[in-house]
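Have it open while you read, and skip to whichever point you need.

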Amino acid sequence: MKKIPALQDESRGRLIYDQKELPSILNKHFASCGAALAAKLPHSERHFSEFLVNNPKTFYFDPVTLGEVESEILLLPSTKSHGVYSCPVSILKVGKCFISQPLMEIMRASILEGTFPSKLKLAKVVPVFKSGEDTDPNNYRPISLLSIFNRILERLMCKRLKSFFEIKSLFYESQHGFREKHSTQHVLIDIVNRIQHNMDKGMFSTGAFIDLKKAFDTVDHEILLDKLYRYGIRGFILEWFSSYLKGRSQVTQIDGHVSPKELNPCGVPQGSVLGPFLFLIYINDIHKSSDKLNSFLFAEDTTILFAHKNLKVLEQVVLKLRAE
């Protein structure tokens, strides 16, 4: 990684050159930028619950088996980087016969008690320079590393959660991100087909292409948990997700120097298995916010289309929606 010469500390209004202080500056920036951006988001006049229908079916978590734990260990890439409270994957694979049983019991207890292990909620962040001025904290991308044990537990939960959502057809049909048998090609085909369909009806189409800024970092925990409940995630499983989301913290490491911990007040965990899937659930109802637009989603990338036979009407509607 490129050596960081100095960083701008906004709280003190000056450049800091002390290498021991740089991790703390970046860590505070990474941990707070999501909440700061979320605070600037305009409040909607309509409550998100208006777009949701309670699913009468409740998600049931099948108990973790020893074979599953052993399989997940074997599937881990041997070169996979890991965070704190972890161990190299190569060692984990060698000792899987000894560690699989304790891991299974920990995971079963975690689910039944509705509590995610606190030590697994700590992330180690490694900053990667993007471009621009190298003293600006905004020009660094945080690469979040979690415990390998965290990954195993999340994969077991994610498999069951994905199966539930797919079997119950809970996902919006034009959401193509982080889903099996869905890709960027599918969303492009979906958009082109809609435009061709509009043309066949003698209508003009206009579109807007939206990339949500800091999308994963600005997720509101309470809204997400409410949506999970409405989709069928209830009881001690919902408590488990609440424990999983809340009380997370991170440290940032630069050249052997490690920052103090900082709490993450909002967002889904970066570098996690469950994070992307939980984000899909969070935005799954976005298409219901307008009955005039067609929405096409690939995770945080959203395309909206509007069509009309009259170009003037099309322009007026789009300008009105933009103003709103």
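1. Start at the hairpin of β9 and β10, where two residues sit between the strands and A299 adopts a positive phi near 55 degrees. β9 (294–298) and β10 (residues 301–308) run antiparallel, paired over five bridges; strands pair if DSSP finds at least two bridges between them. Across from N294 you'll find L305 in β10. Strands here are DSSP runs (E, at least two residues), as helices are (H or I, at least four), numbered from the N terminus.

2. A caveat: this is a predicted model, with local features needing pLDDT of at least 70 and side-chain atom pairs counting only at pLDDT 80 or more, while totals for chains, interfaces and linings use all residues. Residues are numbered from 1 along each chain as its sequence is written, and side-chain values use heavy atoms, leaving out hydrogens and water.

3. Next, helix α9 (residues 274–283): 10 of its 10 residues are buried, so the rest of the structure largely encloses it. Buried means under 20% relative accessible area (1.4 Å probe, protein chains only). The buried residues include F277, F279 and Y282. Among the elements covering them are α5, α7 (221–231), α8 (235–245) and β9, by contact (heavy atoms within 4.5 Å).

4. α5 (residues 148–167) also meets α2 (residues 66–75): their axes come within 10 Å and cross at roughly 115 degrees. That makes α2 roughly perpendicular to α5 (65 to 115 degrees counts as such; axes are lines fitted to C-alpha atoms over the stretch in contact, with angles from 0 to 180 degrees between N-to-C directions).

5. Who touches whom there? E68, V69, E72, I73 and L75 in α2 meet I152, R155, L156, K159 and R160 in α5.

How values were computed
Parallel < 35°, antiparallel > 145°, perpendicular 65-115°, else oblique. Buried < 20%, exposed > 50% of the residue type's maximum accessible area, 1.4 Å probe, protein only.
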